[in-house]
Amino acid sequence: MLTSDDAVQCDSTDWIDCIDRGGLTFVNSLTFEVFIAMELEIRSQLQGCKPVNFLTDIAPTVKNNEDVLFFWSMLSSNWDEESSTALFQMVVDLWLTVRGYSYTSAWIEKYKVSKKISTQKSKGIRKQL
C-alpha cells in the first residue's frame with residue numbers, strides 16, 4: 001500500500017505499475033498523444049454552450065486536426081494506408097461516443113444542480129427540456 005509520500009515520488013508509469021492488478025491495457029506514448037490531441041480538440045469545440053452532435057459536428061474537426069493527424073501518422077507508420085485510415089475512423093468515432101456520454105452526464109448534473117431539481121417523483125429531464 002502506498003502512503004501519500006510514496007505516491008508523490010512515483011511518476012505516472014510507476015503509479016500505473018503499482019495499481020495494476022493484471023486487467024489494464026497499456027498504451028504506448030504515441031497512442032496516448034493521439035488521445036490527448038483528440039481530447040484537446042473536443043474541449044476547444046465545446047467552449048460554447050450550444051448543443052452539438054458529437055459524431056456530425058465535432059468528428060470532422062477532430063479528424064482534420066493537425067496534431068491528431070500528426071500523432072496518428074507516427075503511430076501508424078508501419079501499417080498499410082487502407083487499414084490505418086479505417087482504424088483511425090473507428091478510433092475517433094468510438095472516442096467521441098465514449099467522451100460524448102461523459103460530457104452529457106456532466107451537463108445533466110450541472111443542469112440539476114443549477115435548477116436544484118430533485119430526481120425523485122419528477123419527470124425526466126429530457127421531457128422537461
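## Helix packing and burial, term by term

Q: What makes a crossing left-handed, as that of α3 and α5 is?
A: The crossing of α3 and α5 is left-handed in this predicted model. The term applies when the near helix is turned anticlockwise from the far one by less than a right angle.

Q: Why are α3 and α5 called roughly antiparallel?
A: Helix α3 (residues 29–45) and α5 pack at an angle of about 165°, and their axes are 8 Å apart. Angles over 145 degrees count as roughly antiparallel. The pair is therefore roughly antiparallel.

Q: How do you know which residues of α3 and α5 meet?
A: The test is heavy atoms within 4.5 Å. On the α3 side, L30, T31, E33, V34, A37 and M38 take part. On the α5 side, the partners are D67, V68, F71, W72, M74 and L75. By class, this contact holds nine nonpolar residues, one polar and two charged.

Q: What hand does the crossing of α3 and α4 have, and how do you know?
A: The crossing is right-handed. From α3, the contact uses M38, E41, I42 and Q45. From α4, it uses F54, I58, T61 and V62. Five of these residues are nonpolar, two polar and one charged.

Q: What makes α4 oblique to α6?
A: Helix α4 (residues 54–63) packs against helix α6 (residues 81–115) at about 130°, with axes 10 Å apart. That angle makes α4 oblique to α6, because it lies between the 115 and 145 degree limits of the neighbouring classes.

Q: Which hand is the crossing of α4 and α6, and which residues make the contact?
A: The crossing is right-handed. F54, L55, I58, A59, V62 and K63 of α4 make the contact. Their partners in α6 are F88, Q89, V92, D93, L96, T97, R99, G100 and Y103. The set divides into nine nonpolar, three polar and three charged residues. Gly counts as polar here.

Q: Why is N65 called buried?
A: N65 has a relative accessibility of 15%. Buried means under 20%, so N65 qualifies. N65 is placed in the loop between α4 and α5 (66–75).

Q: What makes the N65 to D67 approach a polar contact?
A: The side chain of N65 reaches the backbone nitrogen of D67 at 2.8 Å. The limit for a pair of N or O atoms is 3.5 Å, and 2.8 Å falls within it.

Q: Why does L87 count as partly exposed?
A: L87 has a relative accessibility of 32%.

Q: Why is S73 called partly exposed?
A: S73 has a relative accessible area of 38%. That value sits between the 20% and 50% cut-offs, so S73 is partly exposed. S73 belongs to helix α5.

Q: How do you know what kinds of element the chain has?
A: The chain has seven helices and zero strands. From the N terminus, the order reads α-α-α-α-α-α-α.

Conventions. Residues are numbered from 1 along each chain as its sequence is written. This is a predicted model: local features need pLDDT of at least 70, side-chain atom pairs count only at pLDDT 80 or more; totals for chains, interfaces and linings use all residues. Side-chain values use heavy atoms; hydrogens and water are left out. Axes are lines fitted to C-alpha atoms, for helices over the stretch in contact, and angles run from 0 to 180 degrees between N-to-C directions. Helices (H or I, at least four residues) and strands (E, at least two) are DSSP runs, numbered from the N terminus. Angles under 35 degrees count as roughly parallel, over 145 as roughly antiparallel, 65 to 115 as roughly perpendicular and the rest as oblique. Buried means under 20% relative accessible area, exposed over 50%, partly exposed in between (1.4 Å probe, protein chains only). A polar contact is a pair of N or O atoms within 3.5 Å; within protein, one must be able to donate a hydrogen and the other to accept it, and residues adjacent in sequence count only if both atoms are side-chain atoms.
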